Amino acid sequence: MNDHLSSWIQSGPICCNVAGLASEYLDDCLPMLTKVRVGFHLASCADCRTYMKQMALVCEAAAGLPKQYPSPINRLRLRQHFACCHSSSL
Ligand SMILES: [Zn+2]
């Protein structure tokens, strides 16, 4: 795992961490501890729950669509938007 991840393993993830892990979380690709941490954050953060729900919808929709969806640019834009909104809480 990356260094920036190990730093929040003790303190818990912040919103932009969760946003960055959303696709792995939905794909069930995260290590158990990381998954639990993200789950705890989601339980206490309505913004991230909304984000995760949107990502899940996009992923579900993508499963029934041709390969060019979802556009990586749109996902990146969402992610960057999210990081900007919440980076001040660092
Ligand atoms: Zn959050």
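**Note on the predicted helical model**

1. The buried residues of helix H2 are Cys16, Asn17, Val18, Ala19, Leu21 and Ala22.

2. On confidence, the protein has a mean pLDDT of 79, and 68% of its residues reach 70 or more. Helix H1 (residues 3-11) has the lowest confidence, with a mean of 63, whereas helix H3 (residues 32-44) has the highest, at 93. Where pLDDT is low, predicted coordinates should not be read in detail.

3. The length of H2, which covers residues 15-26, agrees with expectation.

4. The crossing of H2 past H4 is right-handed.

5. After H2 comes Asp28, with a positive phi near 65°. Asp28 belongs to the loop between H2 and H3. Most residues other than glycine have a negative phi; Asp28 is a residue other than glycine with a positive value. Is Asp28 buried or exposed? Asp28 is exposed, because 7 other C-beta atoms lie within 10 Å, and a residue with 12 or fewer is classed as exposed.

6. H3 consists of 13 residues and reaches 19 Å from its first C-alpha to its last, which is close to the 18 Å expected at 1.5 Å a residue. Its buried residues are Arg37, Val38, His41 and Leu42. Viewed down the axis of H3, these buried residues fall within an arc of 140°, so they line one face of the helix. The face turned away from that buried side carries exposed residues, namely Met32, Leu33, Val36, Gly39, Phe40, Ala43 and Ser44.

7. Helix H5 (residues 72-86) contains Arg75. Arg75 counts as partly exposed because it has 14 C-beta neighbours inside 10 Å, a count between the limits of 12 or fewer for exposed and 20 or more for buried. Arg75 and Met55 are 20 residues apart in sequence, and their C-alpha atoms are 8.6 Å apart in space.

How values were computed:
Residues are numbered from 1 along each chain as its sequence is written. This is a predicted model: local features need pLDDT of at least 70, side-chain atom pairs count only at pLDDT 80 or more; totals for chains, interfaces and linings use all residues. pLDDT is the predictor's confidence in each residue, from 0 to 100. Helices (H or I, at least four residues) and strands (E, at least two) are DSSP runs, numbered from the N terminus. The expected span of a helix is 1.5 Å times one less than its number of residues. The arc is that of the directions from the helix axis to the C-beta atoms. A crossing is left-handed if the near helix is turned anticlockwise from the far one by less than a right angle, and right-handed if clockwise.
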